[in-house]
Amino acid sequence: GLYAAESKMAAVWVLNGSLLMLFCLGSRLLHATDATGQAEKGHPLPHRRFEYKYSFKGPHLVQADGSVPFWVHTGNAIPSADQIRITPSLKSQRGSVWTKNKSIFEHWEIEVTFRVTGRGRIGADGLAVWFTEGQGLEGPVFGAADNWNGVGIFFDSFDNDAKKNNPAVVIVGNNGKLHYDHQNDGSTQALASCQRDFRNKPYPVRAKIIYYQKTLHVLINNGFTPNKEDYEFCAKIDNMVLPSQGYFGISAATGGLADDHDVLSFLTFQLTEPGKMAPPPDTEIPEKDKEKYQEEFEHFQQELDKKKEEFQKEHPDVEGQITDDFFESVSDRELRQIFEGQNRIHLEIKQLNRQLDMILDEQRRYVSTLSEEILKKGAGDPGQQGQVSLQGFDTVVKTQEEVLRQVGEIRNSVGETLRVVSGIQHPGSAGAVYETTQHFNDIKEHLHVVKRDIEHLVQRNMPSNEKPKCPELPPFPSCLSTVHFFIFVAVQTVLFIGYIMYRSQQEAAAKKFF
């Protein structure tokens with residue numbers, strides 16, 4: 001069993017390594033043929049490295065205290081295990097999440113996966129992706145601060161200027177001196193834009209934003225298909241100068257109308273020009289932070305040693321034992337789940353045997369009753385009923401033989417099932433672990449055969465006068481008169497008209513002004 005578990009874990013590690021290698025090669029190929037067109041123009045591709053300190057992704061996204069590692073959230077943002085709800089679908093909500101540290105790389109690429117969902121046909125306000133020199137924790141621009149120095153990519157849901165050009169993706173740059181033009185949806189300040197409907201999509205919407213050699217590309221995956229790489233070109237801005245260092249962030253806001261703005265992942269990659277070596281990870285940590293982390297590690301190590309000494313003093317009988325034995329490994333958990341499933345199968349088979357015994361007892365009683373009835377008829381008129389008695393006995397004997405044959409087949413199926421289960425519980429080699437799925441399929445087929453045979457046996461031996469019949473429906477009472485019906489219709493009409501008027505007033509009052 002131990003050799004089988006180790007073989008299984010080794011195969012899983014090899015498979016994970018192969019999948020990781022294929023994923024890396026696929027990402028490089030997809031990046032080589034993206035909408036930037038650099039490969040097609042003959043330009044060499046930049047080196048791409050994942051930056052975990054500027055990224056988040058579920059599951060297990062938050063820590064025990066509700067914080068997101070390397071990120072800070074403000075306002076109405078609600079982090080959870082698999083996503084961050086920037087704003088809930090309530091009126092006048094604002095929220096944002098920002099990186100704690102500034103990025104120190106000049107070129108970058110980010111991939112944001114999010115959902116914007118709401119019950120209404122129109123939503124508000126929208127969601128924004130930021131790269132700014134300072135953290136815009138709170139403010140009036142989609143939940144973040146105004147007068148930013150950097151760039152904001154706005155996913156605007158509400159049509160403030162009544163030009164019927166929303167939902168839209170708008171890219172606005174700022175040098176720290178401009179106020180965002182809410183009244184015109186930033187159209188007078190936009191460097192580029194594209195109309196994309198990102199609300200209530202069957203799959204998460206994805207945005208890929210690339211800043212490389214003073215050129216900004218924005219690609220959008222509309223969320224119509226599960227293909228994660230199904231990006232469409234949205235905008236390209238040349239000669240764009242951004243701060244060399246800045247914070248990444250994402251924010252959202254609601255107004256008179258409200259949507260749920262959920263961010264599932266935010267992945268950041270550093271881009272390095274060909275021919276330039278990417279800086280090693282150690283150079284990204286300042287010396288002060290290194291000393292701080294080293295002190296924290298030494299303090300933690302000392303506390304751990306003290307705890308070990310106290311535990312050994314309190315439990316001298318377990319001194320020298322490996323503490324890892326107290327925990328369940330992955331292979332042990334899988335084997336335990338397999339054996340628990342086998343135990344449940346054993347219980348089902350025992351229940352099936354009990355049901356077979358009950359069927360045999362009923363069959364015996366049925367045969368004895370028929371025999372008594374045939375004997376009584378034969379005793380009343382021996383000359384005339386002799387032939388009938390012989391025919392009745394022949395019928396009973398044939399029926400009994402058929403029942404015994406079917407019961408024998410059922411018992412053979414149950415025996416085969418028990419044999420398969422026993423083979424699973426006592427594997428002869430490591431290969432038996434990998435045949436578990438096939439064994440369970442065989443067990444399932446045998447149980448289906450047994451169930452079908454039992455149903456056929458019960459239907460065959462059920463007398464015609466004992467077959468269940470559908471009960472007759474009771475008479476339907478007539479308790480609604482014509483006058484009551486017309487009164488009900490009138491009341492419903494008045495309520496419907498009142499609801500339409502109330503809904504029209506609410507929609508007129510919900511229009512948002514800044």
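A nonpolar core here is a set of buried Ala, Val, Leu, Ile, Met, Phe, Trp, Tyr and Cys residues joined through side-chain atoms within 4.5 Å, where buried means under 20% relative accessible area, exposed means over 50%, and partly exposed is in between (1.4 Å probe, protein chains only). Keep in mind that this is a predicted model, with local features needing pLDDT of at least 70, side-chain atom pairs counting only at pLDDT 80 or more, and totals for chains, interfaces and linings using all residues. Numbering runs from 1 along each chain as its sequence is written, and side-chain values use heavy atoms, with hydrogens and water left out.

**Cores**

The largest nonpolar core has 42 residues, and the members touching the most others are Phe56, Trp108, Phe114, Val129, Phe155, Ile171 and Leu216. Strand E7 (residues 107–117) is the top contributor, giving five residues; helices (H or I, at least four residues) and strands (E, at least two) are DSSP runs, numbered from the N terminus. Another core, of 13 residues, lies apart from that one and has Trp130, Ala144, Trp148 and Phe154 among its members. In soluble globular proteins, nonpolar side chains tend to be buried together.

Back to Ile171: not counting residues up to four places away in sequence, its contacts (heavy atoms within 4.5 Å) include Val151, Ile153, Leu191, Leu216, Val218 and Ile237.

**Sheet and strands**

Seven strands make up an open sheet with antiparallel pairing, in the order E3-E6-E15-E8-E9-E10-E11; two strands pair if DSSP finds at least two bridges between them. At the edges sit strand E3 (71–75) and strand E11 (190–194), each pairing on one side only. Within this sheet, E8 (residues 126–132) and E15 (residues 247–253) run antiparallel and are joined by seven bridges, with Ala128 opposite Ser251.

Strand E12 (residues 205–212) is worth a look too: eight of its eight residues are buried. Val205, Ala207, Ile209 and Tyr211 point one way, while Arg206, Lys208, Ile210 and Tyr212 point the other. E12 pairs antiparallel with E7 over seven bridges, and with E13 (residues 215–221), again antiparallel, over seven bridges. Arg206 is the bridge partner of Thr113 and also stands opposite Asn221 in E13. The E12 and E13 hairpin has two residues between the strands, and Gln213 there takes a positive phi near 55 degrees.

**Salt bridges**

With a salt bridge taken as a side-chain nitrogen of Lys or Arg within 4 Å of a carboxyl oxygen of Asp or Glu, the count comes to eleven. Here are some of them:

| Pair | Closest N to O distance |
|---|---|
| Lys208 and Glu229 | 3.9 Å |
| Glu340 and Arg336 | 3.2 Å |

Arg196 lies in the loop between E11 and E12 and Glu232 in strand E14 (residues 232–237), so this pair ties together parts 36 residues apart in sequence. Lys208 is buried, at 5% relative accessibility, whereas Glu229 is partly exposed at 37%. Both belong to a network of salt bridges that links Arg48, Glu109, Glu111, Lys208 and Glu229. Glu340 and Arg336 are four residues apart in helix H3 (residues 330–380), so about one helical turn separates them.

**A buried aspartate**

Asp260 is in strand E16 (residues 260–272) and counts as buried because its relative accessibility is 14%. Its side chain reaches the backbone nitrogen of Ser89 at 2.6 Å. Beyond its neighbours within four places in sequence, Asp260 is in contact with residues including Arg85, Thr87, Ser89 and Arg115.

Notes
A polar contact is a pair of N or O atoms within 3.5 Å; within protein, one must be able to donate a hydrogen and the other to accept it, and residues adjacent in sequence count only if both atoms are side-chain atoms.
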